[in-house]
Amino acid sequence: MREKVLVIDDEQPTLKMFTLLLSAYGYDVLTAENGQEGVSIFEKERPGLVMTDIKMPIMDGIEALKAIKKLNPHTEVIVITGHGDMDLAIQALNLDATDFINKPLQREALEKALTRASERLALTKNEESLISFSELPEAVVIGVRGNVSTHTIPYLADALTKGKEFEKPVTLIDFEENASINGAGITGLAELLKENKAQGKRIVLAGLSSNFKSVFETVGITRYAELFDSRDEALTAQ
């Protein structure tokens, strides 16, 4: 199945050019003539990649970017700017656009931007697979492997939300032996644990290396969750 890409631009010649180029690269190309139409198409088609002009009538590219990221934070969005519109490009990047390319379009710049977006999409799919979910008689178990980062936190949040449906007395977040977590991941995890504790949910953590246990204790995560050396120890303590 060909990967979908949505191109949003109010100039028909630009849309035709992108359609020809992106089709040649193997994409299934969707087009829209303004941000409002683009967001509507995005809601229906859910492409992994969006390319949008910034200056458009009805809804500009910045507002379209915000709306698309709200619908799916993992969507890769490349903004198309006029030459010299650096302030707008920076604004878009601060809103988590993947990249930007300038008009008039240069094919090499387009290819590099597409490559970077594809790599990030692959990384996101990989990070989604780092979180697993299972149910035991006494607990819900969320398995974590690899590196936990800001991109992984939404999947962990989804797993915690799913766990609430089972009404178990405890949720165990079980870090596999090779698991690690960066600063942004620690911050995101702390917020999730704090939120769940405020809702009366008991969460325990197991499998962390001694180094990470020390970090968690230092930053105060132990205020929101208990730490255990192993999965068996955590389950036995219930």
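## Strands β3 and β4

In this predicted model, strand β3, which covers residues 49-53, pairs in the parallel sense with strand β4, covering residues 76-82, and the pairing extends over five bridges. Within this pair, L49 stands opposite E76 in β4. Strands of a sheet pair in general through backbone hydrogen bonds, and the arrangement may be either parallel or antiparallel.

## The whole sheet

Strands β3 and β4 belong to an open sheet of five strands, in which the order is β2-β1-β3-β4-β5 and the pairing is parallel. At the edges are β2 and β5 (residues 99-103), each of which pairs on one side only. From one strand to the next, the twist averages 20°.

## Strands β1 and β2 with their helices

Strand β1 (residues 4-8) and strand β2 (residues 28-32) also form a parallel pair, joined over five bridges, and here I8 stands opposite A32 in β2. Helix α2 (residues 35-45), in turn, lies across β1, β2 and β3, and runs at about 140° to β2.

## Helix α7

Several residues of α7 are buried, including G185, I186, L189, L193 and N196. An α-helix has 3.6 residues a turn, so residues three or four places apart point the same way. After α7 comes G200, whose phi is positive, near 85°.

Technical notes:
Residues numbered from 1 in each chain as written. Predicted model: local features only at pLDDT ≥ 70, side-chain atom pairs only at ≥ 80, totals over all residues. Heavy atoms only, no water. Pairing = 2+ DSSP bridges. Helix = DSSP H or I, 4+ residues; strand = E, 2+ residues; numbered from the N terminus. Axes fitted to C-alpha atoms, helices over the stretch in contact; angles between N-to-C directions. Contact = heavy atoms within 4.5 Å. Buried < 20%, exposed > 50% of the residue type's maximum accessible area, 1.4 Å probe, protein only.
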